[in-house]
Amino acid sequence: LIRELYQAGVDAVIVQDMGILEMDLPPIALHSSTQCDTRTPEKARFLEAAGFSQIVLARELTVEEISDIAKAVTVPLECFVHGALCVSYSGRCHASQSACGRSANRGECAQICRLPFTLADADGHILERDRHLLSLKDFNLSDNLEELLAAGVSSLKIEGRLKDASYVKNIVALYRQRLDAVIAAHPDLYCRASAGRSEISFKPEASKSFNRGFTRYFFDSRRPEAISSPLTPKSMGEMISDIHELHNGDGISYFNSKNEYEGVMVNGIKGNRIIGNREFRIPPGSAIHRTLDIQWQKALSRPTATRRMRLDVALTDTSLSARDELGRRACVALPADLEAAMTRKSLRDNFNKLGNTIYYLGDFDDSAFSRFIPPSQFAECRRRLIDMLMSTAKATYSFDRRRLTQPDCIYPTKELDFRDNVANRLAEDFYHSHGVDRISPALETLDRPDKKKRVVMTTRHCILRETGRCLKYDRAGKALRLPLTLTSGKSRWELKFDCSRCEMQLLADDRQENRAPRPKR
């Protein structure tokens, strides 16, 4: 498959399984996946030495941690900036595999973190009932791009799993605008990695696309403000301050008198009342969320953007030449039997008929042209010129190539357990050759459970911190009877807290496999 991708012209492949580095591959560039769980300068240095051309960092990092990693390597760094968050460290979550037999590491996550849970102490006292305690808000760093770039990041990753076209249009346009603003403010520090000019026909607004509320996660601090969405895992949309902003066909949501999140379709506004497609009652003082803006959605269903590259053109008595933004040039000879002259305006207007090409006309210099060329012949010269430019672009496209692995690079630890997801012989060979002594196989490869409790999730998200029961800083936490347990349906997880690292772990008994309910889409 990798060979076929290389032959098709793919720039790079994103890799978690180190067994791939032991294969006979074409010289395609390799990027380390966020599933590699890169959180330290030591891990990043190893991945660079192992031959990766770009490193996708873990989502949970603070801006200071990102900066420390950037200082340790020379390869580009990529960071998540927007979208749904995995509550566990990426690549180290086995809750879905343990509970449902569906491996998150193999693209089959059952998303049990979106389920309602009940939290109880060691005596069985209920602390929280039917709350979405592991469901996080959506990541949004659109206001922090300048800090992120200053920390050393050069590639931004937008999560798009199960998202529709309007989501992609909206969020990508938002970040394009914000990124261009940072570059324009600091032309001495940054430039665009791509050429061209993007124009859109709508105003990007993150809150209009699917979101569970927004968080900067741990970007600012290891003890952030609320990052979870415990009342619902559904989209919160945008807040509505005046019901007269609503239109027929909009969808709205709210919390009812039982604190349940429900929605209704708007059929009209009558005075200060919302007419819905069914009977409903919004409790006085409740916030109203618009989860579907029908007019905005219709606007995004049509073509909304163009992206074209500037083309500067020069016309002489013998040739027509052009230069694009990247400095690529092309030139075609004019017919030899030209005579007389035509107005310069008509020449420019004729060339400006660039149609569906990727170019728009910048400078047009015809000061050295004094002859007559029939419009049909001029159009043919223009077409040949554009074809030559496109061919030149393909011929001069610069592919990144795979970096060589340094044979003497040593992995930061000597032992790997099942959470490191070593699932094949080639991956074992790779780690052994780089200093790892002991390797436990990935959970997915075990023939049968070994009837012991194991850590199936490790996360910086702490339920106690979120609910005001921190064991270090809150009085309510100091009085808790440990261990605590989370239950959902017939499944049960024990919680373990490492306050020195500000981390929480979920422990599961292998014997409870395949018992957790699956969340609804």
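The second largest cavity is lined by A58, R59, L61, I66, C79, F80, F139, L141, L148 and F219. A cavity here is a set of points, on a 1 Å grid over the protein atoms alone, where a 1.4 Å probe fits but cannot get out; lining residues have an atom within 4 Å of a point. Rolling a probe the size of a water molecule over the atoms shows where empty space is left. The volume of the second largest cavity is about 60 Å³. A volume is the space filled by probe spheres set on the points, with grid points joined across faces, edges and corners. By class, this lining holds 9 nonpolar residues, 1 charged residue and no polar ones. Ala, Val, Leu, Ile, Met, Phe, Trp, Tyr, Cys and Pro count as nonpolar; Asp, Glu, Lys and Arg count as charged; the others, Gly among them, count as polar.

The model is predicted: local features need pLDDT of at least 70, side-chain atom pairs count only at pLDDT 80 or more, and totals for chains, interfaces and linings use all residues. Residues are numbered from 1 along each chain as its sequence is written, and side-chain values use heavy atoms, with hydrogens and water left out.

The whole structure has 3 cavities of 30 Å³ or more. The largest cavity holds about 110 Å³. Its lining has 13 residues, and Q16, Q35, C36, K43 and D420 lie nearest its centre. That lining splits into 4 nonpolar, 4 polar and 5 charged residues.

Now turn to a pocket, which is an open set of points with protein on both sides within 12 Å along at least five of seven lines. Helices (H or I, at least four residues) and strands (E, at least two) are DSSP runs, numbered from the N terminus. The top contributor is α6, with 10 residues. The pocket lining comprises 22 nonpolar, 11 polar and 9 charged residues.

Next comes an open sheet. Its 5 strands follow the order β11-β15-β12-β13-β14, with antiparallel pairing. Two strands pair if DSSP finds at least two bridges between them. At the edges sit β11 (238–240) and β14 (273–276), each pairing on one side only. From one strand to the next, the twist averages 55°. Axes are lines fitted to C-alpha atoms, and angles run from 0 to 180 degrees between N-to-C directions. Strand β13 (residues 261–270) runs antiparallel to β14 and is joined to it by 4 bridges. V266 has G276 of β14 as its bridge partner.

Two loop residues deserve a look. S135 sits in the loop between β6 (126–131) and β7 (138–140). S135 has a relative accessible area of 0%, so it is buried. Buried means under 20% relative accessible area, exposed over 50%, partly exposed in between (1.4 Å probe, protein chains only). The side chains of S135 and R114 make a polar contact of 2.8 Å. Such a contact is a pair of N or O atoms within 3.5 Å; within protein, one must be able to donate a hydrogen and the other to accept it, and residues adjacent in sequence count only if both atoms are side-chain atoms. I373 lies in the loop between β19 (359–368) and α9 (375–396). I373 is also buried, because its relative accessibility is 0%. Its C-alpha atom is 5.9 Å from that of L338, 35 residues apart along the chain.
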